[in-house]
Amino acid sequence: MLPSWLDRLTPRATLRTRIFTATCVWGAVGCCLVTRGALLLWQTSWPMAGGIILVSATAGILKSRAVFDGVAKEIVKRLQRKPDPACLGGFFSVRNWGLVFCMMLLGGIVKRLPMPDEIKSGIYILVGSGLFYSCRIPWRAWKSMLSEKSLRAAPPLRAITLDEDDSSTGATS
């Protein structure tokens, strides 16, 4: 729990905003990693680059299903349990922020290792495509919240049948 003076200074956001922010972060990081990996393949022959992209993206989707989907579901559940409004930066738990830091550290290590660009690009595309594919889970949660809100705001519909009298005009069918 934060001290009261620090709690007052944190930016507050609704559940929908926090889920939207988490979705945007996952998607943007995934996009940036895939782009970085693709740019590393710029000097590689097109058949080899295409093969690396295909294999890495497929492995990334498998990693997404095995690892990232569970993390994304936990993030959505955790956000739904928090009070509304809550701290905007709290869309990730301390453990998740630690995981983000470790992934950034590993990315920096991979960048500096003396390995071929094709291997580096494969790693970037694998992780990036996995993150981007898993952002569909918080995206669906956000979209379902939007549709629920619009359903609650819409007036109830009255069933109309063709053989019904229109008593306001005096016309009958």
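1. Start at the loop with a proline. Pro85 sits in the loop between α3 and β2 (86-87). The bond to look at joins Asp84 and Pro85: this peptide bond is cis, with omega at about 0 degrees. For background, most peptide bonds are trans. Check this spot in the viewer.

2. Keep in mind that this is a predicted model. The protein averages a pLDDT of 84. A score of at least 70 is reached by 84% of the residues. Which helix has the lowest confidence, and which the highest? Helix α1 (residues 4-9) is lowest, at a mean of 75. Helix α5 is highest, at 95.

3. One stretch calls for caution. Over residues 154-162, pLDDT stays under 50. For these residues the model has three contacts beyond four places in sequence. Where pLDDT is low, the predicted coordinates should not be read in detail.

4. Now the helix packing. Two packed helices are described by the angle between their axes and the distance between the axes. Take helix α2 (residues 15-40) and helix α3 (residues 46-81). Their axes lie 10 Å apart, and the packing angle is about 160 degrees. Angles over 145 degrees count as roughly antiparallel, which means α2 is roughly antiparallel to α3. The crossing of α2 past α3 is right-handed.

5. Who makes that contact? From α2 come Leu15, Arg18, Ile19 and Trp26. From α3 come Phe68, Val71, Ala72, Ile75, Val76, Leu79 and Gln80. By type, the residues of the contact of α2 with α3 are nine nonpolar, one polar and one charged.

6. Helix α3 has another partner to look at, α5. The axes of α3 and helix α5 (residues 117-134) come within 6 Å. They cross at roughly 40 degrees, which makes α3 oblique to α5. This crossing, α3 past α5, is right-handed. The contact of α3 with α5 involves 13 nonpolar, eight polar and four charged residues.

7. Helix α5 also meets α4. How do helix α4 (residues 94-112) and α5 cross? Their axes come within 10 Å, at roughly 155 degrees. That makes α4 roughly antiparallel to α5. Here the crossing, α4 past α5, is left-handed.

8. Look at the residues between α4 and α5. On the α4 side are Met103, Gly107, Val110 and Lys111. They meet Lys120, Ile123, Tyr124, Val127 and Leu131 in α5. The contact of α4 with α5 divides into six nonpolar, one polar and two charged residues.

9. Finish with the aromatic rings. How many aromatic pairs are there, counting rings with centres within 6.5 Å? The count comes to eight. Take Phe20 and Trp139: their ring centres are 6.3 Å apart. Their planes stand at 40 degrees, so the pair is tilted. Phe20 belongs to helix α2 and Trp139 to helix α6 (residues 136-153), so this pair ties together parts that are 119 residues apart in sequence.

How values were computed. Residues are numbered from 1 along each chain as its sequence is written. This is a predicted model: local features need pLDDT of at least 70, side-chain atom pairs count only at pLDDT 80 or more; totals for chains, interfaces and linings use all residues. Side-chain values use heavy atoms; hydrogens and water are left out. Axes are lines fitted to C-alpha atoms, for helices over the stretch in contact, and angles run from 0 to 180 degrees between N-to-C directions. Helices (H or I, at least four residues) and strands (E, at least two) are DSSP runs, numbered from the N terminus. Angles under 35 degrees count as roughly parallel, over 145 as roughly antiparallel, 65 to 115 as roughly perpendicular and the rest as oblique. A crossing is left-handed if the near helix is turned anticlockwise from the far one by less than a right angle, and right-handed if clockwise. Contact means heavy atoms within 4.5 Å. Ala, Val, Leu, Ile, Met, Phe, Trp, Tyr, Cys and Pro count as nonpolar, Asp, Glu, Lys and Arg as charged, and the others, Gly among them, as polar. pLDDT is the predictor's confidence in each residue, from 0 to 100. Rings of Phe, Tyr and Trp (its six-membered ring) pair if their centres lie within 6.5 Å; planes under 30 degrees apart count as stacked, over 60 as edge-to-face and the rest as tilted.
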